[in-house]
Amino acid sequence: MKFLFPTFLFALFSIAIPIIIHLFSFKRYKTVYFSDVSFLQNIKKESKKKSRLKQLLILLARILTIIFLVFAFSQPYIPLNKEIQKQPKQVVGIYIDNSFSMNALSEQGQLLEVARNKAAEISLAYPAGTKFMLLTNELSPRHQHLFNQEQIIQQISEIEPSPKVVPLSLVYNRFASLNTDMENNTDRILYLISDFQRGITDMDNFKDKSVFSYFLPLVPNQVANLYIDSCWVEVPAHSLNQEESIFVRIKNSSDQAYQNLPLTLYINDSVKSITNFSVEASNEITANLKYNNNTGGYQLGKLEITDYPFTHDNNWYISYFVAPKLKALAIYDNSPNSKEGLNYISALFENDDYIQMDRMDINSLQISKLPEYNTIFLLNLENFSSGFLNELEKTVSNGVSVVLFPGLLNNPLTNNTFLSKFRGNQITGTDTTQQEISGIELDNRFYRNVFKKREKNATFPKIKGHLKFTENMRTAETRLLWFQNGDKAFSWLPYKNGRVWTFAFPLNNKNEAFARDVLFVPTLYNIVLNSLASQQISYTIGENTFFNIPRNKNVDINSPIEVTAVNGDKFIPEEKITEQGTRIEFGDQIYKAGHYWVQNGGNQVAALAFNYNRMESDLRYFSAAELKDNVERAQLQNNMVVEHSGSNFSEVFKEIQNGRQLWKWCILLALFFILAEVVISRFMK
C-alpha cells in the first residue's frame with residue numbers, strides 16, 4: 001500500500017491527544033458521606049473494572065478514528081503495477097483492432113464502435129496537453145506521429161474496418177521503437193483495445209518491456225462461423241482441355257454441424273461446378289471439384305458458400321492463364337545428327353493446331369527470344385557457349401522447359417557443363433551396347449493416362465548406345481524410362497520455376513526405333529504439355545505485396561503498368577526491373593478481395609486474385625483470465641489486463657493512474673469508530 005499525499009501522515013502524532021486525556025483524567029470527585037458502606041465493597045470493585053474497560057474501548061475508538069481520518073487525507077492506494085515509476089511527461093498510444101472480427105456484436109453494440117468509444121474516453125481522461133499516438137491494423141504512416149487531444153478524437157472517429165491482420169507483437173514493438181523525440185523523463189503508455197483472438201495475441205514476442213501497456217478485452221456475443229480456409233489445385237500448370245481438380249478446405253468454428261450445404265464454383269461469371277458438403281462441429285473437410293478448361297485465356301474463378309453473420313470469408317477468388325497455343329523451339333546445329341533429330345521433331349508437331357514449333361540454328365540464334373517459348377529442344381548439339389547457357393538458365397528459372405538430346409560422340413564436358421547449370425547428375429561414360437527400354441514409371445502423372453492398360457510383356461524400342469550418369473540421391477531428379485541394365489533412359493528435374501528433361505541417348509537415325517515407337521509421341525507431346533510454368537492461383541491481402549511479371553510478357557517500358565480491379569478501381573504500382581522480369585509492388589493499395597487486371601499499354605499481362613486473410617475467421621478468443629496468465633508467462637511486469645473494460649473508463653483510468661483508491665474505505669471506517677465511541681459512551685454502564 002502506498003500514499004498519494006504521505007506528508008499528511010505526520011498528523012498521526014495527534015493520536016497523543018486522546019492518550020493524554022485518558023492518562024490524566026481531569027474529572028473532580030465529590031465526597032458523599034454514608035452511614036455504612038461495607039455492603040457496597042464488592043459492587044465498587046466490579047464497577048471500577050467495567051469503567052476501566054469502557055475507557056480503554058473509548059480510547060481505542062478515538063485512536064482508530066484519528067488514524068483513519070489521517071489515512072483518508074493521505075489517500076492510500078494499492079498500485080496496480082508495482083514496477084511503475086511515474087515520470088512527469090507521458091506519451092499515450094492507443095491501438096484499435098479494426099480487423100473484420102471486430103464487426104461482431106457484443107452487449108454494448110458492434111465491437112469496433114465500442115472500441116472507438118473506449119479510445120475516445122481514454123483520450124478524454126488524460127489532461128490537456130497530453131500527446132497521443134494512434135495505431136490500427138494498417139500501421140498507417142499518417143498515424144505515426146503525435147496528436148493532441150482534439151486531433152486524436154478526430155482520427156479515432158475515422159477508423160474503418162480493415163482486411164489486414166497483424167500480430168499484437170508487431171503493434172507493441174512498433175510503438176516501443178518509434179522515434180518520437182521523447183526526453184528521458186517521459187513515460188510511454190500503450191492501450192490495446194481488441195477482442196484478442198488467439199491467432200494474433202503473441203505476448204511472448206513483446207521485446208521492449210519498458211512500455212506500460214494495458215489490455216482492454218472486448219467480449220463478443222457467441223457467434224458461429226463457417227468459412228473457406230484455403231484452396232489449391234492438383235496441377236499448378238494449366239493447359240487447354242486439361243481436367244482441373246480444385247481442392248477446397250472448409251472449416252467450421254461453431255458448435256453445430258452443417259449438412260448438405262452447396263459449394264459453387266464460378267469461372268468467368270458462369271457456374272462451372274457444384275458439390276454438396278457436410279462438416280461436423282469444430283471440424284473441417286476438404287471438398288473436391290472437377291471440370292475442364294474448354295477455353296484459353298485468363299480464367300477468373302470464385303468459390304462460394306453461404307454463411308452469416310460473417311460474410312467476408314464466404315468466397316475464395318482464383319485466377320490462372322490457359323495458353324490458347326503452346327510454343328516450342330527446336331535448336332540444332334550443322335552436324336548430321338542434329339539435323340536428323342530436327343526431322344523427327346518437325347514431323348511430330350508440323351500440323352499440330354495447339355503446339356507451334358519453331359526452328360533455329362544455334363549459330364544464328366537470338367537468345368532474347370528464348371523466354372517466348374514454353375519448351376526448348378536441344379537436338380544433339382556439339383557445343384554450348386557460356387552466354388547461351390547463362391541465358392538458358394535464366395529462361396528455365398522463369399518457367400520454361402528445356403529438353404536435352406545429347407550427342408554420344410561429344411566431349412562429356414560439353415553436356416556436363418549444361419547439366420551442372422541445373423544441378424543435374426553428371427555424365428560418367430558411354431555404354432555402346434544396344435539396350436532395350438524395359439521400364440516405364442506408369443505411376444507418375446507424366447505417363448499415368450497414356451496407356452489404357454498395362455501389358456506385362458510389352459515390347460519397347462532398342463537404343464544403340466547411351467550415356468551413363470551418376471546417381472546422386474540428393475537431387476530431385478525423377479527417372480521416367482530406364483534400360484534393361486537399370487541405367488536411366490529419360491528423366492526430369494525441377495529447376496526453380498522450370499523443368500529440365502534429359503534423355504540418355506541422341507535422337508537420330510540410329511535410334512529411329514524410338515522415333516517410330518508408340519512411346520515417342522506421348523513422351524514428347526507430354527513434355528510440351530507439362531512445360532507450362534506453375535501458376536499461383538490466389539494471393540492474400542496484406543501478405544502478398546508484389547508480383548513478378550514473367551519475362552515472356554512483352555512489357556512496354558514507355559507505358560505505365562496499371563492495376564485495375566474488376567469494379568473499375570485502378571492504381572499505378574511501383575515498378576522494379578529484376579532478373580525474373582518486371583516486378584510490381586502493390587503496397588497497401590489492394591484492400592478488397594476480388595480479381596485484379598495487370599495492364600500495360602492497353603494489353604492485359606496478368607490477372608490476379610486476392611483474398612482476405614483467414615486468421616480473422618478463427619473466432620477463438622482469450623478471456624481476461626487467460627490474458628493474465630499469458631502476461632505472467634511472458635514475464636511482462638509493466639503490463640496489465642483491465643477486466644471490466646465495459647465500465648466507465650474514468651473509473652478505470654483513476655485506478656490505472658493512482659492504483660486502487662482506499663480513502664473512501666478510510667472515511668467509512670473513521671465514521672464507524674466515531675459511532676462506536678458514541679455507542680460505548682451511551683450504552684455501556
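Student: How many cavities of 30 Å³ or more does a search of the whole structure find, and how much space lies in the second largest cavity?

Tutor: Bear in mind from the start that this is a predicted model. The search of the whole structure finds three cavities of 30 Å³ or more, and the second largest cavity holds about 40 Å³ of space.

Student: What makes a space a cavity, and what makes it a pocket?

Tutor: A space is called a cavity because a 1.4 Å probe fits there but cannot get out, whereas a pocket is an open set of points. Rolling a probe the size of a water molecule over the atoms shows where empty space is left.

Student: Which residues line the second largest cavity, and which element gives the largest share?

Tutor: The lining is made by Met 133, Leu 134, Leu 135, Thr 136, Leu 139, Ser 140, His 143, Gln 144, Arg 174 and Leu 178. Strand E6, residues 131–135, gives the largest share with three residues. Sorted by class, this lining has five nonpolar, four polar and one charged residues.

Student: What can be said about the largest pocket and its lining?

Tutor: About 1100 Å³ of space lies in the largest pocket, and 40 residues line it, of which Ala 533, Gln 535, Pro 550, Asn 552 and Lys 553 lie nearest its centre. Strand E15 (315–322), strand E26 (546–549) and strand E32 (603–611) each supply at least two residues of that lining, and the largest share, five residues, comes from E32. By class, the lining of the largest pocket has 19 nonpolar, 16 polar and five charged residues.

Student: Why is the contact between Arg 142 and Glu 158 called a salt bridge?

Tutor: Side chains of opposite charge can pair when their charged atoms come close. For Arg 142 and Glu 158 the N to O distance is 4.0 Å, and the name applies because a salt bridge needs a side-chain nitrogen of Lys or Arg within 4 Å of a carboxyl oxygen of Asp or Glu. Arg 142 lies in the loop between E6 and helix H4 (149–157), and Glu 158 lies in the loop between H4 and helix H5 (168–177), so the pair ties together parts that are 16 residues apart in sequence. The structure holds 20 salt bridges.

Student: What makes the salt bridge of Lys 496 and Glu 393 a link between separate parts of the chain?

Tutor: The side chains of Lys 496 and Glu 393 meet at 3.7 Å, N to O. Lys 496 lies in the loop between strand E23 (488–495) and strand E24 (498–503), while Glu 393 lies in helix H7 (residues 386–397), so this pair ties together parts that are 103 residues apart in sequence.

Student: How do you know whether Lys 496 and Glu 393 are buried or exposed?

Tutor: Lys 496 has a relative accessible area of 57% and is therefore exposed, because exposed means over 50%. Glu 393 has a relative accessible area of 16% and is therefore buried, because buried means under 20%.

Student: How are Glu 512 and Arg 516 joined, and how is each of them classed?

Tutor: Their side chains meet in a salt bridge of 2.7 Å, N to O. Glu 512, with a relative accessible area of 28%, is partly exposed, whereas Arg 516, with 68%, is exposed. Elsewhere, salt bridges that share partners join Asp 229, Arg 249, Lys 251 and Glu 284 into one network.

Student: Which residues make the nonpolar surface patch, and where does its largest share come from?

Tutor: The patch of about 750 Å² is made by Leu 69, Trp 663, Trp 665, Ile 667, Leu 668, Leu 671, Ile 674 and Val 678, and helix H13 (residues 663–683) gives the largest share, seven residues.

Student: Why does Val 678 count as partly exposed?

Tutor: Val 678, which is found in helix H13, has 47% relative accessibility and so counts as partly exposed, because that class lies between the 20% and 50% limits.

Student: How is Thr 459 classed, and where is its place?

Tutor: Thr 459 is in the loop between strand E20 (427–440) and strand E21 (462–469). Its relative accessible area is 67%, so Thr 459 is exposed.

Technical notes: Residues numbered from 1 in each chain as written. Predicted model: local features only at pLDDT ≥ 70, side-chain atom pairs only at ≥ 80, totals over all residues. Heavy atoms only, no water. Patch = residues over 30% accessible without salt bridge, like charges linked within 9 Å, V, L, I, M, F, W, Y side chains within 5 Å. Areas by Shrake-Rupley, 256 points an atom, 1.4 Å probe, with all protein chains shown as cover. Helix = DSSP H or I, 4+ residues; strand = E, 2+ residues; numbered from the N terminus. Buried < 20%, exposed > 50% of the residue type's maximum accessible area, 1.4 Å probe, protein only. 1 Å grid on protein atoms, 1.4 Å probe; cavity = no way out; pocket = protein on both sides within 12 Å on 5 of 7 lines; lining within 4 Å. Points joined across faces, edges and corners; volume = space filled by probe spheres on them. Nonpolar A, V, L, I, M, F, W, Y, C, P; charged D, E, K, R; others polar.
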